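Biologist: I would like to learn how to read a model like this one. Please take one feature at a time, with the general idea before the case.

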Amino acid sequence: MYATRARRARPEPFAVRIGIGERLGLAHMDWPLTIAAVALAAFSVFTLGQATVDDIPGSPRYFVDRQAIYCVLGLIGMALLARIDYSRFRELRVGIYTFLCVSISLVFVFGFAAKGSRRAFDLPFFSFQPSELGKLLLVLALAGFVIDGARRGSARQRTLRYLCLGLAPAALVFLQPDLGTSLVFVVATLAVMYFGGVPWTHFAVIGATLVALIALVLFAAPSVGVPVLKGYQEERLTSFLAPGEHASGAGYQQNQSVVAIGSGQKTGRGDRATQTRLDFVPERHTDFIFAVIGERYGFMGAAFVLSLYALLFWRALKIVTLSKNSYGTLVAGGIAVSLLFQVFVNVGMNLGIMPITGIPLPLMSYGGSSVLATFLAVGVLQSINIQARLAQKGRFAW
Amino acid sequence: MYLRSNDRPGPRLALRVAVLSGVAVALFGVLFFRLWDLQVLSGAEYLAEAKNNRTREFKVIAPRGDILDRDGNVLVDNRTSLALQLNTQKLPQDPAEERSELTRLGRLVHMPLRKVRRTIKEGEEVAAGAPVTLRKDVGYDLVYYLEENQRAFPGVAVQRVFVRAYPDATRAAHVVGSVGEISEEELKEPAYKGLEPGDEVGKGGVETTYDRYLRGEPGQTKIQVNALGQPTPGGQLVSQPPIPGDNLKLTIDPDVQSAGESALASFGLPGAFVTMDVRDGQILGMGSSPTFDPTVLATPMTQSQVNELYRDPVSAPLTNRASESYYPVGSTFKIITALAALEGGEITLTEPIYDNGSIMVGTQEFQNAGGVSFGPVDMVSALQVSSDVYFYTLGWKMWETNQLQSWAGKLGIGKESGLDIPGETGTESLVPSKEWRDQLFSEGETDRPWSAGDNVQLAIGQGDLQTNPLQMAIAYSALANDGTIVTPHVGMEVEDAAGRVLKEFDPPPRRKIKIDPAYRAAILEGLHQAAQAPGGTSYGVFGGFPIEVAGKTGTVERPGHGDQSWYAVVAPYPNPRIVTIVTVEEGGFGAEAAAPAALQILEAYFHKQATETGAANGGSPG
């Protein structure tokens with residue numbers, strides 16, 4: 001007994017000593033990325049705590065408490081994912097892709113409808129929206145397919161294959177209907193292809209096709225009597241071009257959001273905020289939370305939040321270049337671009353320069369699926385970073 | 001191909017990362033620039049817009065002043081009632097759902113969808129965004145129903161409003177009038193300056209005449225509202241309370257008024273009465289039968305109520321027969337003939353005329369009523385027995401001189417009286433004259449020019465004469481008060497809520513005319529004999545009345561109808577204070593219907609006078 005104890009107490013001369021920080025991967029995490037994500041989530045909880053007090057009579061903390069729980073769960077998920085070597089996902093690509101498509105399809109069967117669209121499963125404590133997690137899953141699977149098929153077929157065939165793989169789930173989401181998220185899917189697909197080395201010429205063709213398609217959907221098809229978009233979708237997409245004309249219609253929300261942000265001026269109106277406190281701005285805890293920040297905390301608050309996103313994106317891009325393998329590059333690139341796209345579209349929508357598409361602001365907008373999925377995506381980025389650092393040191397963890 | 005699964009990426013990746021970085025910088029740059037533009041460069045404008053966004057001004061309706069009779073009893077006041085309001089912004093977006101809700105709502109308040117939509121449209125034109133009042137005065141059962149089924153009726157709210165209340169229902173209905181929403185035409189009138197569509201103003205009666213005193217001033221509440229226009233808790237920003245309207249006290253004497261109304265009602269025939277102070281034109285009582293309950297006008301009407309009030313030209317309950325209907329007045333007109341003849345020197349007080357029951361004017365024979373013959377009569381006895389032949393003769397004497405018409409006009413017949421109740425139309429009133437008929441004849445409107453027979457008819461108040469009880473009251477007042485043409489009025493004073501008198505109404509007389517005192521005395525004596533001397537036309541009615549009076553019956557023959565009964569009386573004789581004119585359509589002889597009604601009115605008046613004097617003298621009436 002004593003001998004055993006004595007042996008254990010003595011340090012192993014040749015063993016590498018691994019501390020708790022290293023065990024958790026903390027040492028090799030990208031700290032600015034973590035700080036940006038946590039700061040955004042904290043700011044979200046803080047904002048919701050002030051802005052949604054009167055939303056649900058009798059439970060002033062309804063949204064705050066839930067968002068806080070989602071954030072904590074998201075952080076745990078991020079930490080867990082960071083420890084796993086993301087390269088495993090490449091092997092699981094078919095399974096991930098299948099799960100992605102099936103889960104989105106199941107929403108049509110079991111999902112519950114909210115505001116005219118079936119997007120989520122109603123679970124006991126929370127409604128799960130597969131398409132939010134789907135953004136990450138699509139990147140993980142598609143990056144795998146790109147790496148795997150890198151040497152099969154001609155460049156054109158490959159491009160077409162990637163496009164089909166990416167657009168299939170995007171189409172499913174579009175049919176829910178959830179125009180915003182399906183656009184994120186398309187952008188994520190293009191991002192993975194971009195870092196997958198698809199030639200510039202192909203992007204040019206894709207871009208041209210896209211322009212033609214938009215023209216068809218918005219102008220040509222309705223004029224011959226084949227509406228592709230629902231009326232409200234089309235109105236939202238086009239009304240931002242001339243918000244004054246729709247002061248009480250589709251442009252109303254956006255106009256109110258612009259007024260809210262403008263009225264915040266440099267330092268914000270705090271609790272004297274009216275636009276976002278008195279229901280002039282709709283969906284203020286989700287899609288229009290940036291308007292709340294703009295009105296309550298002014299340019300200082302809004303610019304601070306934007307800076308955090310810039311930091312987030314900068315670190316994500318950094319991880320793209322650091323990745324130890326191409327799969328990591330593609331995954332990080334897909335995640336980075338889809339985050340950038342969501343931030344730009346959402347904030348642009350709040351500022352009245354982008355159409356209303358129902359894309360949440362990552363980590364800020366209230367919503368469990370979105371918060372969890374974004375933290376998990378950040379976790380994957382961390383994993384790529386950690387693996388890259390370990391590879392640099394010539395060591396592989398687990 | 002730069003993709004090698006476990007290799008570090010090469011320079012081509014660096015290019016792509018650089019391009020993406022550039023795009024990202026551009027995108028973030030756009031966002032920052034836009035943010036700077038909105039918040040720092042144009043923040044002040046947006047702040048102003050946001051502040052404007054959250055406040056809404058609501059007009060707080062001022063209650064109208066009460067209308068009181070001369071003793072201070074309430075004729076009209078207000079009660080709070082519930083109005084159904086619709087917040088159009090909260091209606092369903094979907095046109096089909098909106099239509100369904102409006103249809104269901106319309107069914108609850110008995111309005112077809114078309115009318116609901118029109119009401120909403122009109123309300124929106126007045127004040128866009130403000131709640132539209134769909135129906136006033138809804139019942140509690142409906143309110144409870146709506147509250148229980150709130151989900152089925154989004155945007156529907158119930159608001160407290162003031163509604164006119166009439167404690168005595170039909171009491172003095174034609175005098176007080178009613179209220180209603182201001183019309184487009186009224187809005188343009190200077191009298192209604194500053195009012196807005198939807199405001200309530202008087203519609204007829206003193207409600208119209210004294211609207212500016214009764215109306216009050218609306219207050220204003222500025223409250224913080226949310227995007228749905230709903231007030232937010234604790235969000236009252238500014239409040240300016242409404243100033244209630246002042247009270248209007250009328251000259252109407254409750255005892256006289258109720259006596260007159262019940263007397264008229266007892267016949268069940270159309271008719272009217274007016275009782276006026278001969279000295280200053282204060283109207284103590286004025287009524288018309290059939291009457292109406294103004295409450296019905298204050299609340300939404302059923303079609304049968306509308307038909308009853310507006311569509312029946314015969315009973316026409318809204319018409320004030322005392323001042324808005326025009327009739328021949330029969331023998332009550334004789335005092336004017338008498339005055340004209342005496343003042344014109346056509347006859348002296350004592351000169352007798354032999355009444356053998358009829359008179360031939362040209363080829364036409366004019367008879368006394370019933371064909372009776374009174375023998376030789378002078379002025380006093382001619383008035384006492386109401387000899388038609390005597391006055392036929394006078395009329396015949398004056399047929400070419402316009403003397404009779406001129407005196408009728410001097411006494412106010414055929415002229416607007418200046419009564420402070422709207423509805424009088426001078427154009428319908430007529431004293432037939434040579435000029436008038438010859439003009440008609442030259443235009444081919446009638447078959448013959450002016451003739452002596454026309455003036456003979458006029459002399460006893462028959463034929464083409466068109467006048468009304470109010471004009472007769474003025475003429476009799478002039479006789480009673482020695483030549484003053486008073487301005488009849490029902491408005492006495494304006495009081496504030498504490499009862500302080502703010503304004504008194506004492507309109508000056510229209511004019512003074514000269515009447516020979518001897519003629520006046522003789523005519524009054526004739527009337528006194530008619531009422532209270534044996535053989536007088538209304539001796540049977542007034543013979544036993546303890547107060548001395550001077551009264552004249554009148555009976556108008558209306559082809560196709562029963563005779564119209566008239567009575568005109570001034571009292572007390574010989575220095576009268578009041579005049580009462582009563583007419584009952586198809587009531588028969590003057591002494592049959594109108595005189596007994598006048599008696600009831602005088603009884604009420606003098607009974608009250610005696611009680612008041614008795615009280616003033618320590619309760620010991622001699």
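Biologist: What covers the buried residues of α16(B)?

Modeller: A residue is buried if 20 or more other C-beta atoms lie within 10 Å of its own, exposed if 12 or fewer, and partly exposed in between, with C-beta atoms placed from the backbone. Two residues are in contact if their C-beta atoms, placed in that way, lie within 7 Å. Helices are DSSP runs of H or I with at least four residues, strands are runs of E with at least two, and both are numbered from the N terminus. Here the cover of the buried residues of α16(B) includes α13, α15 and α18 of chain B. This is a predicted model, in which local features need pLDDT of at least 70 and side-chain atom pairs count only at pLDDT 80 or more, while totals for chains, interfaces and linings use all residues. Residues are numbered from 1 along each chain as its sequence is written, and chains are lettered from A and ligands numbered from 1 in the order in which they are written.

Biologist: Which residues in α16(B) are buried?

Modeller: They are Q403(B), L404(B), Q405(B), W407(B), A408(B) and K410(B). Six of the eight residues of α16(B) are buried, so this helix is largely enclosed by the rest of the structure. After α16(B) comes G412(B), with a positive phi near 100 degrees.

Biologist: How many of the eight residues of helix α18 of chain B are buried?

Modeller: Six of the eight in α18(B), residues 452-459, are buried, so α18(B) is also largely enclosed by the rest of the structure. Among them are D454(B), V456(B) and L458(B). Their cover includes β14 (358-361), β15 (364-367) and α16 (403-410) of chain B. G461(B) follows α18(B) and has a positive phi, near 70 degrees.

Biologist: How is the packing of two helices described?

Modeller: Two packed helices are described by the angle between their axes and the distance between the axes. Axes are lines fitted to C-alpha atoms, for helices over the stretch in contact, and angles run from 0 to 180 degrees between N-to-C directions. In chain A, helix α3 (residues 31-51) and α13(A) pack at about 165 degrees, with axes 9 Å apart. α3(A) and α13(A) are therefore roughly antiparallel; angles under 35 degrees count as roughly parallel, over 145 as roughly antiparallel, 65 to 115 as roughly perpendicular and the rest as oblique. The crossing of α3(A) past α13(A) is left-handed; that is the word if the near helix is turned anticlockwise from the far one by less than a right angle, and right-handed is used if clockwise.

Biologist: By class, which residues has the contact of α3(A) with α13(A)?

Modeller: The contact has 16 nonpolar, two polar and two charged residues. Ala, Val, Leu, Ile, Met, Phe, Trp, Tyr, Cys and Pro count as nonpolar, Asp, Glu, Lys and Arg as charged, and the others, Gly among them, as polar.

Biologist: Which residues touch the most other members of the largest nonpolar core?

Modeller: A nonpolar core is a set of buried Ala, Val, Leu, Ile, Met, Phe, Trp, Tyr and Cys residues joined through C-beta atoms within 7 Å. In the largest one, of 128 residues, A316(A) and V331(A) touch the most other members. Helix α13 (residues 289-322) of chain A gives the most to this core, with 19 residues. A second, separate core has 121 residues, including V206(B) and W566(B).

Biologist: How many residues does the contact take from chain B and from chain A?

Modeller: It takes 37 residues from chain B and 42 from chain A. On the side of chain B that touches chain A, α1(B) gives the largest share, 17 residues.
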